[in-house]
Amino acid sequence: MKSLMNTAVGLSMTVATASTAFAEGHATELTIAIVNNGHMINMQTVAEAYTAETGVTLNWVSLEEGVLREQVTSDTATGGGQYDIINIGMQEAPIWGAAGWIEPLNFGADYDVDDMLPAMRNGLSADGVLYAAPFYGESSMVMYRKDLTDAAGVTIADNDSWDNVMAAAAAMHDPDNGVYGACLRGKPGWGDNMAFVTTVVNSFGGAWFDADMRPTLESDEWKAAINFYVDLLGTYGPPGSEGNSFNEILALYNEGKCGLWIDATIAASFLEVDGVAYAQSPNAGNPVGANWLWAWAMAVPAGTDTAEEAKAFIEWATSKAYIEAVGNHPDFGWGSVPTGTRASTYAIPEFQAAAPFAAAELAAIESAAPEATDIKPYVGVQFASIPEFPEVGTAVAQEIAAALSGAKSVDDALAAAQSAADAIMSEAGYY
């Protein structure tokens, strides 16, 4: 592999800073658990330059999203020590940091932490302390085939109504020719189907919990949102949608099989079909929470004996110089840089030229609203920033997938979801 030292402006300075962490004979092997998304996979190639410069061996464990969460949570909570660096996100970072499960991150002045988008920095911090550094950040938006909407004589606008989105999906839906009007997440998981479903519920005016943190899953808003979701995806989605999450839908989209897709803004970096256009997320009257906020970030489990080496790698991998390394890499380029983390990325002319989605992505991130409101008494958009949420979200996700597949009615699924969530929250002592 060609050395990135020839292509990355400033990379050698960043790597040299990291190299000082190993000058005293520390361990030179790091095991890194990553989600199997494109930018993370690319990092394995880009990081060959880091190994060449520092001598640090990087052992990569690439896992599907749900499996990663299970394994990382179990290992970190028990102090298992299986990983030196872990991929986590905004749901875990503040909670785990406050609990002492992960190390605080303090980087040098050249890192320029103030360049980090405020939404990302705040979402990965607790009491003003950064506990995870964002490798890439995202909101959600509509990605649609404008050639198909034009041919069908329909339009999709920013913050459109859900009724108009369904009409557009219906107009593009042509299963006899392998095109499905809407491709949306259906695979069960609190960060899989529920990431999207929660934004739909938010847009209908619903929330996970009331002011007393009691689940509200049988509310009129939840029923309206889930009935709409099941109708839209069940009628105009591909067969087997209850098994599809980000990676599965990305593959379908790139095969030309999707009219529209509402999902993570980061997906735009990996779209290979022509004629894609972008719009801000639709809503059913309530735009607050209609688009999510997330970052896949890198953290250091507490107690690892390679903490300094791990922090040095994270400082390199989430730096401005890393972004330049990807942009100048012969295998990748500016359209493939990890986005959604730094304001400076959006000012790079080469990135602007290569990323037609950049303005829509940044607008979505900046409009996301994770703060508590009168409707939702918790922090988080597509999740609730409480320790119990992964358990609650996973239980509910199974019921929503059952409704989507037709195994249960929406009312029965929500009744079962309410019962499961209520038991978890009650046992946790919320009421």
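Contact, on this tour, means heavy atoms within 4.5 Å. The model is predicted: local features need pLDDT of at least 70, side-chain atom pairs count only at pLDDT 80 or more, and totals for chains, interfaces and linings use all residues. Residues are numbered from 1 along each chain as its sequence is written, and side-chain values use heavy atoms, with hydrogens and water left out.

**Stop 1: the two domains.** Select 29-137 + 293-365 and colour it as domain 1. Then select 140-292 + 371-428, which is domain 2. These bounds come from an automatic or database domain assignment. The domain centres, taken over C-alpha atoms, lie 26 Å apart.

**Stop 2: the interface.** How many residues of domain 1 are in contact with domain 2? There are 25, and they meet 27 residues of domain 2. The buried area (accessible area, 1.4 Å probe, that two parts lose on being put together, summed over both) is about 2000 Å². Carbon and sulfur atoms give 57% of that area. Now select Gln91, Leu293 and Phe357. Together they supply 28% of what domain 1 buries against domain 2, more than any other three residues.

**Stop 3: the salt bridge.** Select Lys187 and Glu64. They form a salt bridge, with their closest N and O atoms 3.4 Å apart. The term needs a side-chain nitrogen of Lys or Arg within 4 Å of a carboxyl oxygen of Asp or Glu. Between the two domains, the count is 1 salt bridge.
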